[in-house]
Amino acid sequence: MKCKKCGANDAEVYLAYSNLKLCPECFMLLAERKVRNTIETYKMLSKNDNIGIAVSGGKDSATLAYILSRSFEKIPMTLIYIDLGIPDYSQHCLEKVKELSKIIDRDLIVYSLEKELGFRIPDFKSTIYGRKMCSACGTVKRYLFNKITYDLGLTKIATGHNLDDTVEAIFNSYMEGNVGALVRLKPVLPKTHPKMMPKIKPLICLTDMECLLYATYRNLPIRMLECQFAKRSRTIRRKEVLNLLADKIPSFKHTFISSHYRRILPLLEKALGGQSVGDEMGIFDCPVCGMPTSLRSMPCHFCKIVSLLKRKA
Ligand code: SF4
Ligand code: ZN
């Protein structure tokens, strides 16, 4: 079977949602075009930007960094890696992001939790009381990516959230009736506090599988190890359910996300009285670190879990 685009090479990739069979070269060009279109549609980048790219050693952030760097050569970009201190895993991922930064010829900032703050993610074990480590890890990463971007004087941060991640997060917020989270799940999160850096998600147009195929065909350095704490989380189980739906209705994820952004989100924002992201709850300064928080007169989530950790130490 020949590629439906070029008609010359053998087709290797089947995109069920659009019934397209493509050769690797045409697939990669399509993925890059989709990311550029997303960036244009949501006005994610401007020529004065100097952006940070959150990298983890995984397929999504490698794909993101490669496509951004290649498509927007003139925009300054810095890769930011947080060394979480997870035995074997963090070192392995660090080697991958170092290789990636060489391939795309962009600077890499490595922030070591242990060196900078004196703890590692596994140290949170005594504070999570049976909950998943990923919750503490997520809080630490969200906080630090924002803070590092701010401290470096960059204009915004790009993250590798893809279509599957976003559909899963929207689906979960619907299930929980969490309107605040639903309104924040946007492709672009603007600056709503002087220290809250704008966030962009250029990969929301690519599925998990497309990111994996892209990184593989481009031969990008991606981790081969799984984090020891990533054990069949609820997120993974919800993704499996959504994949079952997509098996029956191939366009399910694309239709779901586009209905949400085009039809539901504007209604939700209207219902919230035209308030922008975060306004519905307010954004305050953390009394401990001075960074933004939704908690009035209370330490931010990051400061809370770090102080708990120190008390347990
Ligand atoms: Fe952190 Fe969980 Fe990812 Fe491991 S699997 S790096 S603990 S978020
Ligand atoms: Zn704080």
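Donors are defined as N, O and S atoms within 2.8 Å of the metal (3.2 Å for Na, K and Ca); water is not among the atoms, so sites may look incomplete. The donors of the zinc ion (ligand 2) follow the spacing C-x2-C-x10-C-x2-C along the chain. The model is predicted: local features require pLDDT of at least 70 and side-chain atom pairs count only at pLDDT 80 or more, whereas totals for chains, interfaces and linings use all residues. Residues are numbered from 1 along each chain as its sequence is written, chains are lettered from A and ligands numbered from 1 in the order in which they are written, and side-chain values use heavy atoms, with hydrogens and water left out.

The zinc ion (ligand 2) is held by the SG atoms of Cys286, Cys289, Cys300 and Cys303, at 2.2 to 2.4 Å. Angles among the four donor atoms run from 104 to 118°, and the site is tetrahedral (four donors with all angles between 85 and 135 degrees). For four tetrahedral donors the ideal angle at a metal is 109.5 degrees. Cys289 lies in the loop between strand E9 (284-285) and strand E10 (292-293), and Cys300 in the loop between E10 and helix H11 (301-312), so the pair ties together parts that are eleven residues apart in sequence. Helices (H or I, at least four residues) and strands (E, at least two) are DSSP runs, numbered from the N terminus. Cys289 is partly exposed, with a relative accessible area of 27%, while Cys300 is buried, at 3%; buried denotes under 20% relative accessible area, exposed over 50%, and partly exposed in between (1.4 Å probe, protein chains only).

The secondary structure of the protein chain comprises eleven helices and ten strands. Its radius of gyration, taken over C-alpha atoms, is 20 Å, close to the 20 Å given for 313 residues by the globule rule, so the chain is as compact as a globular protein of that length; the rule is 2.2 Å times the number of residues to the power 0.38. Buried residues make up 50% of the 313 residues.

Helix H1 (residues 24-41) has 18 residues and spans 25 Å from its first C-alpha to its last, close to the 26 Å expected at 1.5 Å a residue (1.5 Å times one less than the number of residues). Buried positions in H1 include Phe27, Met28, Leu30, Val35 and Ile39. The buried residues of H1 pack against strands E1 (13-15) and E2 (20-22) and helices H2 (59-71) and H8 (208-217), contact meaning heavy atoms within 4.5 Å. Just after H1, Lys43 adopts a positive phi of about 50°.

Methods
Four donors count as tetrahedral if all angles lie between 85 and 135 degrees; four count as square planar and six as octahedral if opposite donors are over 155 degrees apart and all others between 65 and 115; anything else is irregular.
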